Amino acid sequence: MSNPNLIWNKEFETMPREELRKLQLQRLKQTVERAYHKVHFYKAAFDEKGVKPEDIESLDDLNKLPFTMKKDLRDNYPFGMLSEPLENIVRIHASSGTTGKPIIGAYNSNDMNAWGEAMARVYTACGATSKDVVQNAYGYGLFTGGLGFHLGAERIGATVIPAAAGMSQRQLMLMEDLGTTVLTCTPSYALSLAETMAEMGISRDRLKVKCGIFGAEPWSEGMRAQIEERWQIDAYNIFGLTELGGPGVACECAYKSEMHIWEDHFLPEIIDPNTGEQLGYGQIGELVLTGLTKEALPIIRYRTRDLTVLNAEPCACGRTHVRMDRIKGRTDDMLIIRGVNVFPSQIETAILRVPDLEPQYVIIVDREKSVLDNLEVRVEATESLWSGGEAAREAAARQVNKEFQQIVGMTASVKIVEPKSIQRSEGKAQRVIDKRSL
Ligand code: DLL
């Protein structure tokens, strides 16, 4: 565990909740004013709902405001959501949309400052200081991961190595030669790098790495255990999205028990994704976020499609900001198999409960003769299981199915495949192939 007393900005991160709520209200009002008067989309959406900025008198009034959807950002591509002229914009990022136009993130210099602050908090919460050497293996470019982590590392005064994703052998060489202490990348790439370490015959005691800050894709507790064991590090979860500025919306602290949302910058809600009704703490639903300090591109009640639970219990670290649980899935990555709702994360959890399997898998969904959905899960065996023969592999497949049945209440066609046969990822892993929509 890292030092739980390390806090980047004590004043704001441990602010009494009463005071925090006042600050949130004040910032919400400012954001709503800006959005309404400077972004045509918001004015039209507010007018349609018959709501005006001055109707926001308390935080409870938030639910009078309209939601913002991904489609709204797409429809206003590229600059329709900006509240300022382009000359004030100092940075543009974009999400990696698979189809159509990407989602644009735009920042003025205050936005960059706020992002740097959020990321400085992240590093500090994970125990990193100016003494650390950060190897940043998130992708650099339009993706917010690389430059967001870079910004925060510079803010805390750490030594940052902008390694970017890929070239795994070189990553390991740099890690050893430059004495990397903090690794930042997606969890799937962390696993892939652990394999490279083993393949290169680098023994762990030649490396100084002590922690990793992993996010940008769903991962389970089982995956954390695998990464921590292979690397002998503390692995922390970080959450963020382009629409809200990138990584640094929320992050775990030393206790690794859910992610603190930096609530002086982001106002979270959980809603029922079907009805839009607000749900309480402890209830699972869709995370909706409002930016409280975003200027260039104000974001009000953004429907993230990420499913999670908020926890307002005080945390032993002293931070007063609410925590969000690991993302359980996305409303749009939920697979409906023969009428049953299945999230890829549930499949991962089942797999990782079975020993002798690698945390490498793909999920293939198909529809036989256009009637029945077929769910196939391909999982890699460890070398020892693979050489143990057919019977051992079948037993492992049955075991995965037993776990899966317990979690979801249905079975899948589980195939144990050869070690190293599933493609490794350098960024966000593609684990689901849904042939029904092809
Ligand atoms: O992935 C920003 C980021 C970069 C976060 C680096 C963390 C680290 P997008 O590419 O816009 O932005 O993707 C955002 O990724 O809505 C979630 O569905 C998913 N996601 C991000 N972090 C996590 C996480 C970046 N820790 C989308 N666990 C989000 C699960 C995550 N899903």
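The entries below follow that order.

**Conventions.** I worked from a predicted model, in which local features need pLDDT of at least 70 and side-chain atom pairs count only at pLDDT 80 or more, while totals for chains, interfaces and linings use all residues. I number residues from 1 along each chain as its sequence is written, and side-chain values use heavy atoms, with hydrogens and water left out.

**Ligand shell.** The ligand is surrounded by 21 residues, and the closest are Asn-237, Ile-238, Thr-242, Asp-306 and Lys-428. By class, I noted ten nonpolar, six polar and five charged residues in this shell. Here Ala, Val, Leu, Ile, Met, Phe, Trp, Tyr, Cys and Pro count as nonpolar, Asp, Glu, Lys and Arg as charged, and the others, Gly among them, as polar.

**Backbone atoms at the ligand.** I then checked distances to ligand nitrogen atoms. A polar backbone atom of Ile-238 is 2.6 Å from a nitrogen atom of the ligand. For Ala-216, a backbone N or O atom lies 3.0 Å from a ligand nitrogen, and for Glu-217 the corresponding value is 3.2 Å. The protein covers 94% of the 610 Å² of accessible area that the ligand has on its own (Shrake-Rupley method, 1.4 Å probe). Helix H6 (144–155) and strand S7 (234–241) are the elements that give two or more residues to the shell. S7 gives the most, with five residues. Helices (H or I, at least four residues) and strands (E, at least two) are DSSP runs, numbered from the N terminus.

**Helix pair.** I found that helix H7 (residues 168–178) packs with helix H8 (residues 187–199) at an angle of about 75°, the axes being 9 Å apart. H7 is therefore roughly perpendicular to H8 (65 to 115 degrees). The contact (heavy atoms within 4.5 Å) involves Ser-168, Gln-169, Gln-171 and Leu-172 of H7 and Tyr-189, Leu-193, Thr-196 and Met-197 of H8. I counted these as four nonpolar, four polar and no charged.

**Backbone exceptions.** Most residues other than glycine have a negative phi, and most peptide bonds are trans. The peptide bond from Tyr-77 to Pro-78 is cis, with omega near -5°. Pro-78 lies in the loop between helix H4 (70–75) and strand S1 (91–94). Gln-232, not a glycine, has a positive phi of about 55°, and I placed Gln-232 in the loop between helix H9 (221–231) and S7.

Note on methods:
Near = heavy atom within 4 Å. Polar contact = N/O pair within 3.5 Å; in protein donor to acceptor, adjacent residues only side chain to side chain. Axes fitted to C-alpha atoms, helices over the stretch in contact; angles between N-to-C directions. Parallel < 35°, antiparallel > 145°, perpendicular 65-115°, else oblique.
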